[in-house]
Amino acid sequence: MKDYLWLIVVGVFALLAFIFFMLTISNSSGLISKLKKSKWHITVNIMVLLIGLGNIGIGIYLLQDIRKQIELLSSL
């Protein structure tokens with residue numbers, strides 16, 4: 001459990017970021033429809049969310065890979 005504590009912390013931060021995104025995107029979409037503005041801002045928000053989630057996923061994968069390499073090299 002102690003080894004995966006960082007994974008739990010990163011998951012909680014990702015969940016909080018997703019909840020914050022969902023709260024702000026609903027407000028933004030309501031304002032955009034009221035003001036009859038272009039929907040480019042919503043698209044940018046979604047792209048930033050996807051890039052952030054992708055970066056979190058890549059970071060988790062790389063940390064797991066580095067941990068496996070360290071275990072492999074320490075057993076030699």
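The protein has two helices and zero strands, where helices (H or I, at least four residues) and strands (E, at least two) are DSSP runs numbered from the N terminus. This is a predicted model, in which local features need pLDDT of at least 70, side-chain atom pairs count only at pLDDT 80 or more, and totals for chains, interfaces and linings use all residues. Residues are numbered from 1 along each chain as its sequence is written, and side-chain values use heavy atoms, with hydrogens and water left out.

I turn to overall dimensions. The C-alpha trace spans about 65 × 20 × 5 Å along its principal axes. The radius of gyration of the protein is 18 Å, whereas a compact globule of 76 residues would have a value near 11 Å; the radius is taken over C-alpha atoms, and the globule rule is 2.2 Å times the number of residues to the power 0.38.

The accessible surface comes to about 6400 Å², and 74% of that surface belongs to carbon and sulfur atoms. Such areas come from the Shrake-Rupley method with a 1.4 Å probe, and for residues only the protein chains shown count as cover. Of the 76 residues, 8% are buried. Here buried means under 20% relative accessible area, exposed over 50%, and partly exposed in between (1.4 Å probe, protein chains only).

Next, helix α1, residues 5-35. Its end C-alpha atoms are 45 Å apart, which agrees with the 45 Å that its 31 residues should span at 1.5 Å a residue; the expected span is 1.5 Å times one less than the number of residues. Which residues of α1 are buried? They are Ala 14, Phe 21, Ile 25 and Ile 32. Their cover includes α2, residues 40-74, with contact meaning heavy atoms within 4.5 Å. After α1 comes Lys 36, which has a positive phi, near 55°.

Leu 5, Ile 8, Val 9, Val 12, Phe 13, Leu 15, Leu 16, Ile 19 and Leu 23 form a nonpolar patch with about 850 Å² of accessible area together. Like charges are joined within 9 Å, and nonpolar side chains (Val, Leu, Ile, Met, Phe, Trp, Tyr) within 5 Å.

Is Phe 13 buried or exposed? Phe 13 counts as exposed because its relative accessibility is 56%. Ile 19, at 42%, is partly exposed.

Notes: Patch = residues over 30% accessible without salt bridge, like charges linked within 9 Å, V, L, I, M, F, W, Y side chains within 5 Å. Salt bridge = Lys/Arg side-chain N within 4 Å of Asp/Glu carboxyl O.
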